[in-house]
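Please read these notes with the structure open beside you, and check each point against it as you go.

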Amino acid sequence: MSYQTVDSSRTPPVRIGLIGAGWMGAFHARSLAQRIPGATLAVIADPAVEAATKLAAELGVERVTAEAADLFADPEIDAVVIAGPIRFHAPLSIAAVRAGKHVFCEKPGSTTLEELGEVEAAVAEAGVHWQIGFNRRYAADFLAARRDLAAGTVGTPQLLRSLTRDPGTGSIPNAARVPQWTMFLETLIHDFDALNWMNPGAEPLTVHVLADALVEPSFKPAGFIDTAVATIRYSNGAIAVAEASFSALYGYDVRGETFGSAGMVQAGRPTETAARRYTAAGLGAETPRLNIELFADAYRDELADFAVHVAARRDGAESPDHGVPLTPGLADARRALAVARACIESVQSGAPADVVGSGVDAAQEGAQAVAGAVTP
């Protein structure tokens, strides 16, 4: 037997360090280690070293550390994935990009626009790729809907809707531990990005929010919110509604819709499987109970896209062209966060609030155009 040597044109995988071995970090770790050929998981960092070690042993990752700084100082690491608590997202992003690392950061990029501005400045100075985890864009149906919009299939957007209903049992046992503004900064932040993305060329101008603790009313005096509806006015005159609940008894439910001058496009569904059960009780179907079930492919594809972008930067190649704006960056993180902060202001005041700090000058011009259009 004789073997022949084959020259491979395959580029070396992007070496990634993961920060955070918790729920979302562990899912990203499994994707990086097992499902994304263009990436390899080289290190896992978490102050809870025992959790990091257990995860690394499961995935065959040889190195763990308690210090994220070890990843930043490692010349063999091309990029980092930040999946720790949200209060650390901005500081870790800044430290990583200053060390020359490309960054994938789970949402939100920060809890304040001022801190996100510091991230933007650091990224601009370092010239690295920074991407935020708005995974909904990578779901096949949402992406197909966005391509329909780009093709003009539904005409000019006029009414938009996005909803997130987390699965629940009618109660929220950990309500006392949920940070006050989680509804807007961690849940509806996805819907805000989806609405911004599905209304191309327009900017969010004002929001008005109705919110309450309908699932756990006893926690309302402490500022807890488990149910919310936000109405958003855009610079092109379109009106959008984002709604969320922390307790959908029937499962995890995420949907989006854009109604326009020429038609409508919808994305998302409350059922996961195509199997249907017909019995004396009626028609039934299984529903997903976890975000990593409903969006398993989208979570994988956003990391695969990140790896492709990093490899392109590393190798001096062209960035991928998806046909429509897809990869969410700092501008998208800022626009969604600006809506979230305006929602918080609206809840506090009980009145509509302006979306301030989205970073787009055209928004003000759009506001004047909308005001002129609706003035008698």
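Which residue in E9 does Val209 stand opposite? Val209 stands opposite Ala230 in E9, and the points below place that pair in its sheet.

1. Basis of the note. This is a predicted model, in which local features need pLDDT of at least 70 and side-chain atom pairs count only at pLDDT 80 or more, while totals for chains, interfaces and linings use all residues. Residues are numbered from 1 along each chain as its sequence is written, and side-chain values use heavy atoms, with hydrogens and water left out.

2. The sheet. An open sheet of 7 strands, with mixed pairing, runs in the order E12-E11-E7-E10-E9-E8-E15. Because strand E12 (263-269) and strand E15 (353-354) each have a single partner strand, they stand at the edges, and one side of each is left without a neighbour in the sheet. Helices (H or I, at least four residues) and strands (E, at least two) are DSSP runs, numbered from the N terminus, and two strands are said to pair if DSSP finds at least two bridges between them. As background, strands of a sheet pair through backbone hydrogen bonds, either parallel or antiparallel.

3. Strand E8 and its partners. Strand E8 (residues 204-212) pairs with strand E9 (residues 227-234) in the antiparallel sense over 8 bridges, and Pro204 has Tyr234 as its bridge partner in E9. E8 is also joined to E15 by 2 bridges, again in an antiparallel run, with Val207 standing opposite Ala353 in E15.

4. E9 pairs with strand E10 (residues 239-248) in the antiparallel sense over 7 bridges; Val229 stands opposite Glu243 in E10, and Thr227 stands opposite Ser245 in E10. The hairpin has 4 residues between the strands, and in it Gly237 takes a positive phi near 90°.

5. Arg335. This residue is found in helix H10 (residues 330-349), and Arg335 counts as buried because its relative accessibility is 11%, where buried means under 20% relative accessible area, exposed means over 50%, and partly exposed lies in between (1.4 Å probe, protein chains only). The side chain of Arg335 reaches the backbone oxygen of Ala202 at 2.9 Å. Leaving aside residues up to four places away in sequence, Arg335 touches Asn196, Ala202, Glu203, Pro204 and Ser358, contact being heavy atoms within 4.5 Å.

6. Helix H9. Helix H9 (residues 296-315) has 20 residues and reaches 29 Å from its first C-alpha to its last, close to the 28 Å expected at 1.5 Å a residue; the expected span is 1.5 Å times one less than the number of residues. Among the buried residues of H9 are Tyr299, Glu302, Leu303, Phe306 and Val310. An α-helix has 3.6 residues a turn, so residues three or four places apart point the same way. After H9 comes Gly316, whose phi is positive, near 70°.

7. Glu58 and Arg30. Glu58 lies in helix H2 (residues 49-59) and is partly exposed, with a relative accessible area of 43%. Its side chain makes a polar contact with the side chain of Arg30 (2.7 Å); a polar contact is a pair of N or O atoms within 3.5 Å, and within protein one must be able to donate a hydrogen and the other to accept it, while residues adjacent in sequence count only if both atoms are side-chain atoms. The C-alpha atoms of Glu58 and Arg30, which are 28 residues apart along the chain, are separated by 9.1 Å.

8. Cys105 counts as buried at 0% relative accessibility, and Cys343 is buried with a relative accessible area of 0%. The peptide bond from Lys107 to Pro108 is cis, with omega near -10°, and Pro108 is found in the loop between strand E5 (102-105) and helix H5 (113-126).

9. Annotation from the record. UniProt, in an unreviewed entry, places the feature "domain: Gfo/Idh/MocA-like oxidoreductase N-terminal" at residues 14-134, a span that is 44% helix and 22% strand. The unreviewed UniProt entry also places "domain: GFO/IDH/MocA-like oxidoreductase" at residues 142-265, a span that is 20% helix and 40% strand. Such annotations may be inferred rather than shown by experiment.
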